[in-house]
Amino acid sequence: MTPLQYQLIHTIMTSETIDAGELTESAELIVTSLISGLEIKRAGIWIYKDHHRATLKACLIIDRHHQTRDSTTEITRTQYPAYFNALDEEILINANNAATNPLTSEFRHGYLDVLNIHSMLDAPIRINGKTVGVVCCEHIGSTKVWNEDDMLFASLLADQFGRSMAAEEKISQYRKLVETSRALDEQTANLKAIHTSLNKFSLISSTDVNGVITDINDNFLTVSDYSREEVLGNTHRIFNSDYHPNNFFAELWYQITQGAIWQGRICNRKKNGEIFWIDATISPVKNLLGKIEGFIGLYHEITHEIDTQVQLQEAEKLSGSGSFRYNPKTDQWMTTENFKNLFSIGLNQTISWTIFKNIFSKNDFEKFKNSVFGLSEKSHFELIVKTTSSPTLWLQFTGKKQGLWVLGSCQNISQRVKQDYELNRTIAFQKTILNSANFSIIATTPDGTITHFNNMAEKLLGYKPDELIGQLKSDIFHLKEEIIDYSSELEKNYKQKITAGIETLIFKPKLGIVDEREWTYITKYGKTFPVSLSVTAIFNDKEKIIGYLGIGKDLTKQKEIEKYSAQLNNILATAGTIASFSGFLYDVNKAEFVITNEHFREQVLQPNPDKTMIDFADIQSLFAEPHRETIATTLEQAIRFGTEFDIQVQLSTAANDPGNWLRIAGTAQYEDNSITSILGFIQNITEQKQLEEKLSSLALTDELTSIANRRSLMIQLTNEWKRHARYQSSASVLILDIDHFKAVNDRLGHDAGDYALQCFSFTVKEQLRDSDIFGRFGGEEFLILAPNSEESTAVKLAEKIRKSIATSTMRYTPPFQSNAIEISITVSIGVCGLSERISSLSRWLAAADKSLYTAKQTGRNRVVSYQSL
């Protein structure tokens with residue numbers, strides 16, 4: 001990739017907005033990086049709007065050619081079926097000529113021709129293998145051929161936005177509760193109180209890296225009936241209830257040993273044999289070097305909750321409705337089977353009023369009977385009753401008169417009644433939380449009329465709720481000057497007329513964008529203070545705005561802290577960068593440089609230390625040959641046209657040792673309308689460059705086996721398929737799957753499994769040609785791409801590999817043991833070469849996978865080719 005692309009990738013991968021799931025900021029960062037890194041005028045991010053993935057909605061589109069931004073446009077699968085299908089099947093959509101490419105030609109008349117778009121490069125955004133959106137790169141005005149660097153750059157940025165979406169999805173599950181139930185100032189948290197609270201209400205245990213329990217709190221011992229002496233030194237298998245399948249704990253153990261946090265429910269057994277359920281969060285504990293030293297588990301007993309769920313599931317079996325017909329004159333009932341099931345009445349049993357009298361309370365029975373007989377005067381009745389046989393069973397009767405008969409139905413609405421009760425209780429609970437929050441919360445209708453005003457808002461602003469609720473006064477707390485300035489800013493950015501006032505505050509939320517910024521609040525008594533305000537639109541289930549929510553935090557104390565921190569950070573920054581950063585002044589008339597940091601001059605540039613003024617020729621000679629012309633051209637343009645510059649160049653060194661990389665930025669200085677000097681800075685960015693190279697390597701290498709990872713394989717496969725499509729070249733794919741690998745993990749542990757994967761990879765590599773590409777496709781599944789190989793040749797290679805694996809033995813020494821264990825494995829291989837039967841890359845891989853499946857089904861430890869099926 002280009003230096004700029006490397007720099008942008010590094011900036012995005014280290015951005016806090018990605019891991020924080022801040023989609024608006026992440027989208028802005030990704031889209032602007034695409035435009036800069038690919039040198040295009042238009043890019044955007046689209047996200048599936050619904051679970052059926054039938055509609056894509058623009059998250060953000062920036063068009064610098066037409067000076068527009070958009071986050072409202074939508075397209076549907078029915079409009080563009082080929083494009084939507086391609087997002088699910090293709091690694092990348094590379095359309096150099098978008099108007100003729102079958103995957104993108106659908107856009108020609110209504111989109112490409114209108115915007116003068118000639119080339120498209122679209123990278124699907126995937127989370128856990130599922131497509132959730134797409135990153136779109138569009139070249140305007142001419143045809144652009146996307147190279148491999150461009151495709152890798154777009155793919156990496158798509159993955160980063162997927163990472164942000166995954167973080168946002170997880171964070172959003174807790175955001176409402178967090179925003180309304182706890183104080184935001186985490187610096188004042190009392191760690192001792194938290195520890196005491198956890199011990200009081202939670203079950204806690206800690207283990208070493210082998211899963212041996214090293215500590216456990218009293219609550220856990222009380223629930224499990226074990227003593228501390230019985231538990232310490234054992235693993236959690238002492239509580240095993242045999243409820244979960246074997247792979248449940250294998251997957252749990254694998255996840256936490258990889259450094260991830262595991263969350264879920266576990267069924268355990270007490271010492272006396274009774275079971276108890278816990279809601280578990282198990283986290284790895286790492287030392288300062290990032291190595292896992294053990295694991296800590298935080299648990300909550302949920303046995304009662306599980307029992308309640310079982311009872312509810314049994315109750316739900318009664319859900320449904322039954323029908324009846326009743327003749328008041330003959331006192332004759334005719335009912336369906338479901339009707340009798342609701343009352344647990346035998347199918348052969350006759351329905352009578354006595355049955356209802358025994359099931360309903362006296363008042364409900366009278367209401368039901370009066371409703372049925374009252375139909376002589378009115379044509380319809382509807383009645384909700386509660387049975388006496390079960391306090392949780394509520395029934396809804398409806399009926400109407402038809403001739404001599406009363407026709408009706410009965411439906412179990414117990415779940416609805418329970419949900420209504422829970423909803424009312426939740427509303428009351430949320431209202432209590434809102435009023436106890438440490439930040440102001442103000443809710444309004446769509447037009448800005450205030451509907452809620454919590455206690456903290458009252459405390460900060462001095463107004464009573466009854467002074468504002470029902471009033472259109474959401475802008476009364478703001479400085480008019482700030483409202484006017486922000487209105488002008490919005491008008492400039494969105495090219496719309498905005499009335500300064502409430503319309504200013506809700507403009508961005510109305511577009512579905514959270515508006516977060518600092519304001520100055522005014523109290524009822526005229527006092528002002530800084531506040532961080534977040535305004536969000538509230539949507540109903542039909543995605544219609546039903547109001548707005550403003551959450552404000554008093555920043556007075558924070559501003560005082562920031563002022564002190566800024567002073568401290570300035571001191572630290574100066575001390576930390578003195579050797580890697582320097583200013584410079586270039587005198588245009590004398591063609592000489594002045595380097596302001598003497599230490600930088602001596603340690604990095606190393607010219608003659610006795611010279612305070614350095615000739616341009618001397619400076620230029622310090623750099624590597626390819627970069628000398630860059631420096632000369634950049635400086636010449638700055639002097640001639642007054643352009644600012646920011647470049648990255650490398651110093652030359654003796655021998656083959658790579659030289660330091662420098663970032664040089666500057667701007668022209670004028671005197672009497674003439675450029676007299678260039679003022680700027682020089683920064684040593686060698687470590688940053690080395691990190692970028694390492695990140696690029698890691699992005700394409702499997703960490704465990706040091707061979708190609710799935711991403712790298714897919715890029716190579718895509719390139720090989722394109723080569724075949726252009727030149728009809730031959731190639732074959734081999735998919736390898738280690739037989740019964742799960743047994744190795746279950747019997748010897750994941751460390752042994754990892755060792756087996758490493759040995760397997762080494763053995764396979766010894767059998768391959770230099771041109772063959774070998775990588776880990778996932779888990780114990782590997783893939784070999786053999787260019788210029790017919791399927792028959794690839795089968796011979798596969799058989800050679802199979803025999804080599806079957807005849808080799810690995811010796812593995814478990815931790816804390818001196819004796820080695822022999823591990824023998826076999827491998828099943830599916831082979832598919834390119835032929836007329838293969839019409840796409842996805843079909844190529846599917847054919848090889850089908851061959852592998854046949855090898856597995858017919859006995860394992862064998863090779864199956866696609867031609868033989």
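**α27 and α28.** I began with helix α27 (residues 750-765) and helix α28 (residues 791-807), whose axes come within 10 Å and cross at roughly 135 degrees. I took axes as lines fitted to C-alpha atoms over the stretch in contact, with angles from 0 to 180 degrees between N-to-C directions. That makes α27 oblique to α28 (under 35 degrees is roughly parallel, over 145 roughly antiparallel, 65 to 115 roughly perpendicular, the rest oblique). I noted the crossing as right-handed, meaning that the near helix is turned clockwise from the far one by less than a right angle.

**A word on the model.** This is a predicted model, where local features need pLDDT of at least 70 and side-chain atom pairs count only at pLDDT 80 or more, while totals for chains, interfaces and linings use all residues. Residues are numbered from 1 along each chain as its sequence is written, and side-chain values use heavy atoms, without hydrogens and water.

**Who meets whom?** From α27, F760, T763 and V764 meet I801, S804 and I805 of α28 (contact is heavy atoms within 4.5 Å).

**α5.** Next I looked up helix α5 (residues 108-115) and found Y111, L112 and L115 buried (under 20% relative accessible area, exposed being over 50%, partly exposed in between, with a 1.4 Å probe and protein chains only). They sit on the same side of α5 because their arc around the axis is only 95 degrees, taken from the directions from the helix axis to the C-beta atoms. The buried residues pack against β1 (42-48), β6 (117-127) and β7 (130-140). On the other side of α5, I found H109, G110 and V114 exposed. After α5 comes N116, with a positive phi near 60 degrees.

**Element names.** My helices (H or I, at least four residues) and strands (E, at least two) are DSSP runs, numbered from the N terminus.
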